[in-house]
Amino acid sequence: MSLQKFIQSAFLVSSIALVDSASLRSQDVTAVNDANDASGFLSDRVLSNSPPSLPLAWNPESVRWKCDLPGYGQSSPVVWSGKVYVTSVEGASKNRCLLTCIDLQSGTEFWRSTIDSADPVESTPMVSRAAPTPACDENGVYTFFESGDLLAVDHTGKTLWHRKLQAEYGKFDNKFGVSSSVAQTGELLFLLVDHDGQSYLLAVQKSNGETAWQALRENHGHSWTSPAIISLSGQPLVVCSSIGSVDVYDVASGSRLVHYTELGGNSVASPIDFGEGRVLVSSLIRPADGPVEGATRSNLLAKLSRQGDLYQLEVQWIAENARGSFCSPILHGNECYWINPQGVLFCLDAETGKEHYAKRLSCGACWATPLAVGEHVYLFGREGETTVIKAGPQFEELSPGNRLWNADLTEAEQVPAGPSGPAKRTVYGVIAVDNAFLFRSGDALYRVDSN
């Protein structure tokens with residue numbers, strides 16, 4: 001893999017990489033409006049508890065609509081009450097940060113909100129470009145950009161509050177940029193800033209943008225993972241899996257409850273709540289960076305438990321051969337699924353970690369996390385092709401070759417126009433809402449429905 005391709009994919013931490021799985025929970029069910037909403041990064045997983053009628057086969061001619069987006073972005077869309085929200089940056093130096101509101105049914109743009117970047121830097125495929133995914137609730141949309149701009153707008157596009165985190169807490173020193181998405185509860189936003197400077201986890205009040213608490217962290221070095229809200233016996237907790245540790249924080253106070261450090265290389269994939277305190281941790285082993293301590297023992301299933309006031313994270317098993325990539329692994333039924341950077345899918349037994357199979361995918365490498373619903377697992381290739389397989393311990397392709405754009409497009413046709421430099425058309429994020437998929441490429445949003 002070329003350096004350019006690696007860098008582009010590192011920011012995908014915010015892409016579907018986490019779309020659906022039968023045992024997934026929403027990041028914050030209390031903040032979700034209804035089953036047709038995806039209120040933040042990974043939150044559409046709640047749909048899989050009642051499997052929707054999602055499409056199994058499609059082609060470029062059957063795409064319901066395509067909406068061209070301003071500028072360029074690597075974030076996933078979010079949905080609230082029939083409106084799709086998606087971020088992007090625009091200008092040769094990422095001069096402007098944009099939030100676009102689109103009608104879910106027609107793909108028509110409702111409105112566009114624009115602010116000047118607090119930290120303009122050259123826009124190239126070597127740095128993140130609107131990689132963090134926003135969050136939304138009944139009051140509005142909460143967006144974070146790699147410039148350090150954190151702001152809230154209402155559902156008409158009016159700015160409610162705006163903060164510039166680099167001015168407050170120091171400049172981000174993160175190789176290739178920032179991609180951490182915001183997590184949320186009903187009243188708070190959570191933002192993870194792990195970089196080569198002073199790292200921290202920040203809790204912000206949604207109502208006014210003020211800091212609820214800030215938890216300083218060990219300086220892990222640069223990382224691109226996002227925090228997640230996980231429920232344990234009805235109690236919401238903030239979980240951060242970031243290079244070299246898995247940490248669990250109290251939502252109300254920011255107190256660290258668990259600090260597990262027997263791993264490494266977990267710098268891209270974000271944790272997901274699989275119920276019963278279970279999370280999958282994934283490492284990315286990059287030959288260009290040399291050996292990463294602990295990376296080979298960091299593809300694992302862990303379980304969080306509580307005894308009185310004491311919390312514990314216990315490793316249930318470690319995968320012997322499965323390796324992670326830029327998307328997160330998922331758990332569905334009795335199986336776990338990993339995809340490595342070469343596009344090899346590993347299926348493991350969820351109870352024991354025993355490998356059922358390892359198969360190279362026809363759709364190639366995936367930068368968006370797989371989605372599993374009912375009897376189907378959707379695997380989203382980064383170059384616009386999706387493969388659907390049967391869920392379970394035996395590998396069976398049901399619908400390979402589903403494409404958003406024609407495979408024979410020339411390089412020139414695949415490269416979006418603009419000052420951001422060359423970047424082959426890429427699927428960064430996918431969500432499932434309204435019995436349909438929304439696919440996000442750098443400069444466009446696609447809707448695919450069942451036939």
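The structure holds 18 aromatic pairs, where rings of Phe, Tyr and Trp (its six-membered ring) pair if their centres lie within 6.5 Å; planes under 30 degrees apart count as stacked, over 60 as edge-to-face and the rest as tilted. This is a predicted model: local features need pLDDT of at least 70 and side-chain atom pairs pLDDT 80 or more, whereas totals for chains, interfaces and linings use all residues. Residues are numbered from 1 along each chain as its sequence is written, and side-chain values use heavy atoms, without hydrogens and water.

**Aromatic pairs**
- The ring centres of Y85 and W111 are 5.9 Å apart with planes at 50°, so this pair is tilted.
- Y85 belongs to strand β3 (residues 83-90) and W111 to strand β5 (residues 109-116), so the contact ties together parts 26 residues apart in sequence; strands are DSSP E runs of at least two residues, numbered from the N terminus.
- Y85 is buried at 0% relative accessibility, and W111 is buried at 14% (buried means under 20% relative accessible area, exposed over 50%, partly exposed in between, with a 1.4 Å probe and protein chains only).
- F380 and F437 have ring centres 5.6 Å apart and planes at 80°, so they are edge-to-face.
- F380 is buried at 1%, as is F437 at 0%.
- One aromatic cluster is formed by W58, Y378, F380, F437 and F439.

**Charges over rings**
- R129 lies over the face of Y72, 4.0 Å from the ring centre (a charge sits over a ring if NZ of Lys or CZ of Arg is within 6 Å of the ring centre and within 35 degrees of the ring normal).
- K83 lies over the face of F110, at 5.6 Å from the ring centre.

Note on methods: Helix = DSSP H or I, 4+ residues; strand = E, 2+ residues; numbered from the N terminus.
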